[in-house]
Amino acid sequence: MTDTAPTAARALGADLPRIDGPAKVTGAAHYAFEHPVSRPAYAVPLVSTVARGRVAALDVSAATDLPGVLAVLTHRGAPRLADSGDAEHAVLQSADIRFRGQVVGAVVADSLEIARDAAARVVVTEVAEAHTVTLTTDHPELYTPEKVNPNYPADTSQGDAEAGLASAAVTVDATYRTPIEFAFPMEPHTTVARWHDGALTVQESTQSVHGTRVTLCTLFGLDEDRVTVTAPYVGGAFGSKGLVHAPTILTVMCAMTLPGRAVKLALTRPQMSTLGGHRTPTIQRVQLGAERDGTLVAIAHDVWEHTSRIKEFAEQTGTASRMMYAAPSIRTSHRLAPLDVPVPTWMRAPGEAPGMYALESAMDELAVALGVDPVELRIAN
C-alpha cells in the first residue's frame, strides 16, 4: 500500500533540509549590498559628534573637488520628504542634531574608497547644546507611556501588592541594572536603491519588505506600484531590521539625486550602534513576598528605561512578571526617561530578555533566603 499523504510530521531530531542553505554556504546567495548592478555609486554617511545641537556650517569644497565624487548631500539641498512627522525618518530635513551619530550629510562617489576619502574631507561645524544621556530613577522628565511594546498597558495591578509584601514572612527587595545592547548581525544594515523614470527599486537587508515599501511610499509620496523592495536573504537581524531606519531613507535620497544610478550604502560597525537601533538600558526594582513554605503572596516589578527624545519606544520589560508566577497580588510599572540618544527599537526577545533576568534573579535570591532549592521554588509557584 502506497502512502500518498503529505508528510505532516517528522521524527524528533530528524535532519531537515534548509531551503536557502546550499546557496548561503556556497556563496551563491546575494545579500543586499552584493546585489549585482551596473556602475554602482557608493554612499557614505556623515554623522554628528555632539549629542544635541545644530549644524552651524558645512564646508564641502574639499570633497566636491575630489575626482569621482558625484554628490554631497546636506540639509541645505537634500530632497524634501512628503511626510516628516516621524522624527527618526526626517533625514536631512533641518540643521537640528538630536543625538550623537545622527546623519548630517552624505557623500556619493564612483567607489567606496573615494566616498570615504571625500567624507573625511567635509568640515562640519556643530554648535553643542545642553544634553542628557544618562538613565536615572529620579530623572526630572520621567513619564508613564500610554503603552509598552507592542500594545500592553504600561502599569498593571492585581490585588494589593504593597499589603502582601508588608505581611509576607520572607521578602526580597532587589534592584537590577541591564546595559544598553546592540544588535550586530554579520550583515550590517545595507541598502541598494535606484530611482529611474519615477520608480524606485530597493534591495534591502530587512525583515519586512512590505513594511519598508509602505514606509518609503509614505515618506516620499509615492504610489505603491512605483516602489519595489526585495530581500531574498538577510544575514542576521535580531529584530533590528524589522523597521525602517535612517540609512535606508538616506540611500533613497542619494539615488534620487542621481537618477538612473544605483546607490549602495552599508553602515560601518560604529554606525550600527547609532543608526541601527538598540535595546534600552534598564533599572528594575523587583520585590517578592512569600510564606515560609515558599508560596508567593506578592510580586512588584518597577522598571525605568530610556527612550529617544525624538521618538518613543517603550520596551515591555515588566510584562513577563504579570504571568510567570501565580501570586495573588502582582503590580508592575514602566517609566520612561526621554534622553538625547538614538532611537531604541526591537531586539531579540524584547522585554523578556532584560525583564526575566531581573525576575529570575530575584527568585534565586528568594530561594537562598528561604533555604530551598530554586527549581522547587519555581515549580511550587
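This is a predicted model: local features need pLDDT of at least 70, side-chain atom pairs count only at pLDDT 80 or more; totals for chains, interfaces and linings use all residues.
**Exercise 1. Find out where His334 sits, whether it is buried or exposed, and which backbone nitrogens its side chain reaches.**

Step 1: Start with the place in the chain. His334 belongs to strand β15, which covers residues 329-339.

Step 2: Check the accessibility. The relative accessible area of His334 is 1%, and buried means under 20%, so His334 is buried.

Step 3: Look around the side chain. A polar atom of the His334 side chain lies 2.8 Å from the backbone nitrogen of Gly318. The side chain also reaches the backbone nitrogen of Thr317, at 3.3 Å.

**Exercise 2. Describe the largest nonpolar core and say which residues touch the most other members.**

Step 1: This core has 38 residues, and Leu200 and Phe220 touch the most other members.

Step 2: Ask which element gives the most to the core. That is helix α6 (residues 246-257), with eight residues.

Step 3: Zoom in on Leu200. Leaving aside neighbours within four places in sequence, its contacts include Trp195, Leu216, Leu222 and Val252.

Step 4: Now look beyond this core. A second, separate core has 20 residues, among them Val286, Ala290, Ile330 and Leu366.

**Exercise 3. Classify the ring pair of Tyr31 and Tyr233, and locate both residues.**

Step 1: Four aromatic pairs are found in the whole structure. In the pair of Tyr31 and Tyr233, the ring centres are 6.0 Å apart and the planes stand at 55°.

Step 2: Planes under 30 degrees apart count as stacked and over 60 as edge-to-face, so this pair, at 55°, is tilted.

Step 3: Tyr31 is in the loop between α1 and β1, while Tyr233 is in the loop between β11 and α6, 202 residues apart.

Step 4: Tyr31 is partly exposed at 21%, and Tyr233 is partly exposed at 21%.

**Exercise 4. Trace the salt bridges around Asp340.**

Step 1: Begin with Arg309. Its side chain meets that of Asp340 in a salt bridge at 2.8 Å, N to O. Arg309 lies in the loop between β14 and β15, 31 residues from Asp340.

Step 2: Turn to Arg52, which forms a salt bridge with Asp340 at 3.7 Å between the closest N and O atoms. Arg52 is in the loop between β1 and β2 and Asp340 in the loop between β15 and α8, so the pair ties together parts 288 residues apart in sequence.

Step 3: Compare accessibility. Asp340 is buried at 2%, whereas Arg52 is partly exposed at 24% and Arg309 is partly exposed at 27%.

Step 4: Arg52, Glu141, Arg309 and Asp340 are linked in a network of salt bridges.

How values were computed: Residues are numbered from 1 along each chain as its sequence is written. Side-chain values use heavy atoms; hydrogens and water are left out. Helices (H or I, at least four residues) and strands (E, at least two) are DSSP runs, numbered from the N terminus. Buried means under 20% relative accessible area, exposed over 50%, partly exposed in between (1.4 Å probe, protein chains only). A polar contact is a pair of N or O atoms within 3.5 Å; within protein, one must be able to donate a hydrogen and the other to accept it, and residues adjacent in sequence count only if both atoms are side-chain atoms. A nonpolar core is a set of buried Ala, Val, Leu, Ile, Met, Phe, Trp, Tyr and Cys residues joined through side-chain atoms within 4.5 Å. Contact means heavy atoms within 4.5 Å. Rings of Phe, Tyr and Trp (its six-membered ring) pair if their centres lie within 6.5 Å; planes under 30 degrees apart count as stacked, over 60 as edge-to-face and the rest as tilted. A salt bridge is a side-chain nitrogen of Lys or Arg within 4 Å of a carboxyl oxygen of Asp or Glu.
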